[in-house]
Amino acid sequence: MRRRTDRRYAMAQLKDDCFAFDGGLMPVDDALTALRDRVTCVAETESVSLRAALGRVLAEDVASPRNVPPHDNSAVDGYAVYFDDLSTEDETRLPLGGRIAAGHPLKGAALRGHAYQIFTGAPMPVGPDGTQADGPDTVFMAEDAIPEGDTVILPAGLKKGSNRRFAGEDVKQGDMILRTGQSLRAQEIGLAASVGRNALTVRKRLRVAVFSTGDEVRDPGQEGIEDGCIFDANRYTVMSLLDGLGCAVTDLGILPDDQAVIAEALAKAASGHDLLVTSGGVSAGEEDHVKAAVESRGSLHFWRLAIKPGRPIALGQVDGTAFVGLPGNPVAAMVTFMVIARPLILMLTGASETDAPRFQVKVGFPYKKKSGRREWARAKLVWNGHGMPVAEKRHSSGAGILTSMVDADGLVELPEDVTELKEGAIVDFLPFREVT
């Protein structure tokens, strides 16, 4: 894609022919490899606060400037002692030398032959040389000790170093704790906060324009819908999937079956977005005007994927902006989005991990399929009480039956070389929660 300087920010460049492919039926793995080889990140960077970083793609490596925890500390409420002051065969009575709470270190050095009441997270006291390494090294849990006046009785048998957490036990100064390309979850944000970061450099949200076409398509909620018309389900499905990927989505609504109108809308959207997405309207029929509109302003390539459900997915460019044309049937649109469009979007956003994890389950149904084609069967997970969930197939399996997706928990993935499954076989399962 050529660089446009009239954008809110300058985009990285993609090759003009990055989506060109003239082969026959393409296995899914080959398609994903081709995308990885040809697609580069187009999202620039920005600094955001930790509160705004959830779900964003990290654009910097983060090294820790400090140890976490910053000092040796107690893992429990109890009593800190020098292990060498303890009897190895009988209980030990020690005078109390002080009280140490989190945020309130002991003033001065800890004396030998004394016990110090200490609370969880409080720093271990220093020894005569002023370091923690020279100080008390072992902590008794409060429930194992018996306080008596200004002394405490400690049982025998505790190991040296018990209940003591060391500085840098979680993170050492200089450790690389986060890497460029990571999608930030709550735990990554918490880890950044633990080393003192209050902001991170992330990729800007991918700006995606979504539209539908068709004189028969109507917006949900419209009253008095005419005979032969349908409500627009795909646009709302696709926008929701994009929301789940952290994209900044623009709803272009429904465009009429008019090539000139579609071409003008596409060109206008291309000037302010990183990606254009539609479903349906890109075949070779007389009323499929999207194909001609895209080609009038750029290029369009059909990737004939060896998958079911799903038909050819259209990938192209409009005035240098990436374009994805999903199939019109709602189930096929969702599956091709999950399998191809989702990884593509993550690549454009700079994410290092683009593959959704699969999990192994048993199948509770027999299944036959053609060789050389990857198929996804919609299934619901049922726990049989033997430790492994069983995938039960939904009864309706047509590419236009959206209720079959609602009734399912995910997709059973059937590789190209599998032609038959017997009930009880172990298969890979793609949960919807990983891709929606």
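Biologist: At what angle do helix α1 and helix α6 pack, and how are they oriented to each other?

Modeller: In this predicted model, helix α1 spans residues 28–38 and helix α6 spans residues 330–349, and their axes lie 10 Å apart. The packing angle is about 20 degrees. Angles under 35 degrees count as roughly parallel, so the orientation of α1 to α6 is roughly parallel.

Biologist: Which classes of residue make up the contact of α1 with α6?

Modeller: From α1, the residues V28, A31, L32, L35 and R36 take part, and they meet V339, I340, P343, L344 and M347 of α6. By class, the contact of α1 with α6 comprises nine nonpolar, no polar and one charged residues.

Biologist: What is the handedness of the crossing of α1 and α6?

Modeller: A crossing is right-handed if the near helix is turned clockwise from the far one by less than a right angle. For α1 and α6, the crossing is right-handed.

Biologist: Which residues form the contact of α4 with α5, and how many of them are charged?

Modeller: On the α4 side are Q259, I262, A263, L266 and A267, and on the α5 side H289, V290, A292, A293, V294, S296 and R297. By class, the contact of α4 with α5 has eight nonpolar and three polar residues, and the number of charged residues is one.

Biologist: Is N234 buried or exposed?

Modeller: N234 belongs to helix α3, which covers residues 234–244. Its relative accessible area is 11%. Because buried means under 20%, N234 is buried.

Biologist: Which backbone oxygen does the side chain of N234 reach?

Modeller: Beyond four places away in sequence, N234 touches S279, P327, G328, N329, P330 and A333. At 2.7 Å, the side chain of N234 reaches the backbone oxygen of G328.

Biologist: Where is A59 found, and which residues is A59 in contact with beyond four places in sequence?

Modeller: A59 sits in the loop between β1 (45–49) and β2 (62–63). Neighbours within four places in sequence are left aside, and the contacts of A59 are then T45, T180, T201, V202 and R203.

Definitions and conventions: Residues numbered from 1 in each chain as written. Predicted model: local features only at pLDDT ≥ 70, side-chain atom pairs only at ≥ 80, totals over all residues. Heavy atoms only, no water. Helix = DSSP H or I, 4+ residues; strand = E, 2+ residues; numbered from the N terminus. Buried < 20%, exposed > 50% of the residue type's maximum accessible area, 1.4 Å probe, protein only. Polar contact = N/O pair within 3.5 Å; in protein donor to acceptor, adjacent residues only side chain to side chain. Contact = heavy atoms within 4.5 Å. Axes fitted to C-alpha atoms, helices over the stretch in contact; angles between N-to-C directions. Parallel < 35°, antiparallel > 145°, perpendicular 65-115°, else oblique. Nonpolar A, V, L, I, M, F, W, Y, C, P; charged D, E, K, R; others polar.
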